[in-house]
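Dear colleague,

I am passing on a structure that you have not worked with before, and below it you will find my notes. Please read them with the structure open beside you.

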Amino acid sequence: METSFALTGKGYVIIAADTTAARSIVKMKVDEDKIKELGTHLLMAYSGEPGDTVQFAEYVERNIRLYQIRNLYPLRPPAAASWIRRSLAQSLRSRNPYSVNLLLGGYDQAENKPNLYWIDYLGSVVEVPFAAHGYGSYFALSLLDRYHDPEAPLEEGLATLKRCLDEVAKRLVVSPSKYMVKVVDKDGVREVEI
Amino acid sequence: MEYNGGSVIAMVGKDCVAIASDLRFGNQALGIASNFQRIFPVTDRTYVGLAGLGTDVTTLRERFRYRVNMYTIKEERDIEPQTFAHLVSSTLYEHRFGPYFVEPVIAGLENTSSGSKPFIAAADLIGCLNFAKDFVVAGTASSKLYGLAEGLWEPDLGPEDLFETISQTLLNGVDRDAFSGWGAVVHVITKDRVVTRTLKGRMD
């Protein structure tokens with residue numbers, strides 16, 4: 001089943017999402033990138049109802065880009081989170097709401113600190129040191145409670161993430177086989193191998 | 001109401017009021033965050049606490065901020081707590097047949113000719129106001145908070161005693177509730193200042 005994790009550390013946010021595109025009991029694809037790069041310093045992992053996810057993620061991506069073109073500066077992570085939240089909250093009380101859960105990670109270049117937001121399809125937003133969506137969250141959150149360190153360097157952060165992925169692989173019946181891992185820090189966004 | 005969890009309480013003291021809430025944000029039984037603020041300042045001496053569905057807490061907080069700003073600009077003065085309570089009530093009743101799932105609690109000091117007077121009120125999700133003289137509760141631990149407040153509260157408590165009373169009521173109330181807890185925040189509003197304290201709680 002779909003699972004995504006994210007954690008912050010000293011000057012970075014790591015976001016990991018599984019890469020399977022499933023329909024019913026069938027894996028249709030195993031290399032689907034479910035982490036959008038919304039800007040030079042902003043990442044968004046999305047999961048939920050197939051169809052809604054890509055549609056909503058692209059809608060967000062284009063609007064964030066439009067803001068940057070119009071104003072010559074990008075939305076900072078807290079502002080982007082607010083805008084996305086509002087879109088989801090308005091959608092929730094519409095005729096057919098988007099059913100999309102998000103993890104928004106960014107590096108705030110004005111305050112030089114990482115930001116991570118947990119967002120669900122209802123439009124609830126919380127700023128957190130670490131977060132997860134999907135069945136993986138039941139395993140990963142307790143591990144992260146124990147091992148997460150907000151001052152850890154990137155290598156340690158990736159090691160903590162690895163613990164989560166391994167635990168999910170070990171204990172979850174319907175565990176994903178592959179993950180895409182992306183990091184955002186002062187130098188921008190990049191993909192890392194794990 | 002039980003989806004994200006959370007509780008709010010407000011109490012009247014002698015020339016002061018206190019409003020407090022827990023900090024848990026959960027997804028049913030799974031805890032997501034322990035830093036979810038559900039109490040917001042409206043003016044210097046009026047606060048509103050919103051217990052209920054997380055998304056509606058944020059949405060209403062933004063709506064109230066907008067409507068209070070408009071009021072302040074038009075009237076060229078701060079909104080009174082009682083007026084704000086009616087603003088809350090009418091905002092909620094506008095959505096009578098598709099409500100926001102939120103139980104608001106309002107606490108503040110009213111301006112009167114002879115200084116200031118404590119004011120507290122609570123509403124249900126469609127805006128039925130409850131003006132109480134002693135205390136009001138809302139959220140998933142409300143039944144427990146009623147019992148504790150009934151036992152601990154007494155009239156004419158000073159700011160420090162009121163802080164102790166509301167803190168003990170909240171902390172012990174949320175310990176009996178699976179959907180509330182994970183720390184708390186308490187605001188004590190007096191004539192010339194607001195004291196905000198963050199409390200540690202049981203993290204289970």
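**Salt bridges and burial**

A:Lys182 is buried, with a relative accessible area of 3%, where buried stands for under 20% relative accessible area, exposed for over 50% and partly exposed for what lies in between (1.4 Å probe, protein chains only). Before going further, please note that this is a predicted model, in which local features need pLDDT of at least 70 and side-chain atom pairs count only at pLDDT 80 or more, while totals for chains, interfaces and linings use all residues. Residues are numbered from 1 along each chain as its sequence is written, chains are lettered from A and ligands numbered from 1 in the order in which they are written, and side-chain values use heavy atoms, with hydrogens and water left out.

The side chain of A:Lys182 meets that of A:Glu37 in a salt bridge, at 3.2 Å from N to O; the term stands for a side-chain nitrogen of Lys or Arg within 4 Å of a carboxyl oxygen of Asp or Glu. This pair links distant parts of the chain, since A:Lys182 is in strand 11 (residues 179-185) of chain A and A:Glu37 in strand 5 of chain A, 145 residues apart. Helices (H or I, at least four residues) and strands (E, at least two) are DSSP runs, numbered from the N terminus.

Over all chains the count comes to 26 salt bridges. Another of them joins the side chains of A:Lys34 and A:Glu2, at 3.0 Å from N to O. A:Lys34 lies in the loop between strand 4 (26-29) and strand 5 (35-39) of chain A and A:Glu2 in the segment before strand 1 (3-9), so this pair ties together parts that are 32 residues apart in sequence. A:Lys34 is buried, at a relative accessible area of 6%, whereas A:Glu2 is partly exposed, at 28%.

**Between the chains**

Chain B and chain A bury about 1400 Å² between them, 56% of it on carbon and sulfur atoms; buried area is the accessible area (1.4 Å probe) that two parts lose on being put together, summed over both. In chain B, the residues that lose the most area to chain A are B:Leu30, B:Ile32 and B:Thr55, which together account for 36% of what that side buries. As for contact, meaning heavy atoms within 4.5 Å, 21 residues of chain B touch 18 residues of chain A.

The count between the two chains is three salt bridges. In one, B:Glu62 meets A:Arg86 at 2.9 Å from N to O, and this pair runs from helix 1 (residues 54-75) of chain B to helix 2 (residues 77-92) of chain A. B:Glu62 is buried, with a relative accessible area of 17%, while A:Arg86 is partly exposed, with 42%. B:Glu62 also forms a salt bridge with A:Arg85, the closest N and O atoms being 3.6 Å apart.

**The nonpolar core**

The largest nonpolar core has 64 residues, and those with the most contacts inside it are A:Ile14 and B:Phe84; such a core is a set of buried Ala, Val, Leu, Ile, Met, Phe, Trp, Tyr and Cys residues joined through side-chain atoms within 4.5 Å. Leaving aside neighbours within four places in sequence, B:Phe84 is in contact with residues including B:Val42, B:Phe64 and B:Ile106.

With best wishes
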